[in-house]
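Student: Please put up the model, and let us work through it by question and answer.

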Protein chains: 2
Amino acid sequence: MAKLDFSPIADTTRRAEIVALLRRAILTGQLEPGQKLNELRISEQMRVSRAPLREAMRELVQEGILTSIPYAGTFVIDVTAKDIVDAYSLNKVLDEFAIELAWPQRDRRFFDELDHRHEAVKQATRALDTTRQIETALQLHGLIYEWADNSVLLETWQRLTSRLQMYFALHQRARNEAVPALDVHETYVALLKGSHMKAAQRHAREHIDLDFEELLAYARSLEKRLPKGA
Amino acid sequence: MAKLDFSPIADTTRRAEIVALLRRAILTGQLEPGQKLNELRISEQMRVSRAPLREAMRELVQEGILTSIPYAGTFVIDVTAKDIVDAYSLNKVLDEFAIELAWPQRDRRFFDELDHRHEAVKQATRALDTTRQIETALQLHGLIYEWADNSVLLETWQRLTSRLQMYFALHQRARNEAVPALDVHETYVALLKGSHMKAAQRHAREHIDLDFEELLAYARSLEKRLPKGA
DNA sequence: ACTTGTTAGATTGTCGACAATCTGATTGTC
DNA sequence: GACAATCAGATTGTCGACAATCTAACAAGT
């Protein structure tokens, strides 16, 4: 018998497709923070009844990118400067842990995948496709989590990533200018190939801090709006 | 104007109540791992239509304690030894981080709350209420996360906690015997009141490892069943 | 005996309609 | 004019029924 591994069949429910559509719209910033999602309007646009749409929304609420108030509506989460700081500081900790776990697991496939994903980032950068650039950069970053062989950690990171992707997308849309052409991932990749784990961990922190300052500045500019009650 | 803080009004949707009911049933082990949740049967028992039930189930799927296969059903997650190891190793990392963040935030209310929750654990222990003992112990443990002032971290921990609570409950039900009467939290509480942060962090690790060994042994006994495909 | 095709029953996924709730505009009163 | 009561419209929450899919049992062919 041929020893071919088939991957699971794609989800064929409307619900799953709706989730994918909505998630993409939110993470690319097409749906803005705080915006209300009108069930009837969206269900008509998608040519779908409200039932699967509502179930999809429940999933995204739990995923942390939507928020729901009974009888009032479901909204895209608001982004505050503190949210970004919180997400990033946790990300640092998780990165350090992920590198530690993944380090002894690195093999030929890991290095191949590393190059492959790095190449995808560079390509998106050359093509000036900002949305894809963000996506690929996060996928590159996610490699260590996939190799860490800890399902709970991976899951946690994926949740965190949703938000990070959203933050970056908002940032990009806000300044609405070309992406930095230089490749900030070069040294990161090199260090993951090297033999000095501590150095890789240290760099992960600093590299993050690099983009972070920009992002934070953007976040603060958002704060100018609604002064929270009291 | 009086400076009274009102807490949010209780959720009044059926969905929210269903979520609470189901979560409790799962986390206390009344619904066993792998068990299928029949929508029609449950909706009839709860005197509710399938719509809010299904929405509730979607939430719990995203919460990580249910798993769903299209057109096949929704099941309580299976618990493998590796899941427990993964959850615990991540918990250690998060604990260390939470203590670091919470440390400078400790105030009078923190210490009061600490004693209060510790007392709740002791009371549940005396009453031999194992379910409540698990609950209160996790709440005691969660204090550092609440004081860490990092919403993403808190959220992450709450997700993790769901599973830990389920694991412990299964463990308790399995051995079906009285709970250890001695108070393992005494030194933990003392260290959080002290001035040596590193010591508190170190203890958090070791304290966790204590219960962990028992739990792991139980998990391994579960593995004896279904040998995974191939 | 093994595989393949068929079918009946049960269960999940989806739909359209109705009920409950919120929002804001309008009216009435002082 | 300010304020409370009322009401209409819109939106969310829930329901019961139908459609799509799966499972397991059985029949037929090799």
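Student: Which residues are the closest to DNA strand D?

Tutor: This is a predicted model, in which local features need pLDDT of at least 70, side-chain atom pairs count only at pLDDT 80 or more, and totals for chains, interfaces and linings use all residues. Residues are numbered from 1 along each chain as its sequence is written, while chains are lettered from A and ligands numbered from 1 in the order in which they are written. A residue is near a strand if its C-beta atom, placed from the backbone, lies within 6 Å of it. On that basis 19 residues surround DNA strand D, the closest being A:Glu39, B:Arg14, B:Ser49, B:Ala51 and B:Tyr71.

Student: Which elements give two or more residues to the surface near DNA strand D?

Tutor: Helices (H or I, at least four residues) and strands (E, at least two) are DSSP runs, numbered from the N terminus. Both chains contribute to this surface: helix H2 (39-46) and H3 of chain A, and helix H1 (14-27) and H3 of chain B.

Student: How many residues of chain A are in contact with chain B?

Tutor: Two residues are in contact if their C-beta atoms, placed from the backbone, lie within 7 Å. Helix H3 (50-63), helix H4 (81-102) and helix H7 (151-175) of chain A each supply at least two residues of the side that touches chain B. The partners on chain B number 26, and the count for chain A is 26.

Student: Why do the copies meet through the same surface?

Tutor: The interface residues of the two chains can be compared. The copies meet through the same surface because the share of interface residues of chain A that are also interface residues in chain B is 100%.

Student: Is A:Arg47 buried or exposed?

Tutor: A:Arg47 is in the loop between H2 and H3 of chain A, and its phi is positive, about 60°, although it is not a glycine. A residue is buried if 20 or more other C-beta atoms, placed from the backbone, lie within 10 Å of its own, exposed if 12 or fewer, and partly exposed in between. With 7 other C-beta atoms within 10 Å, A:Arg47 is exposed.
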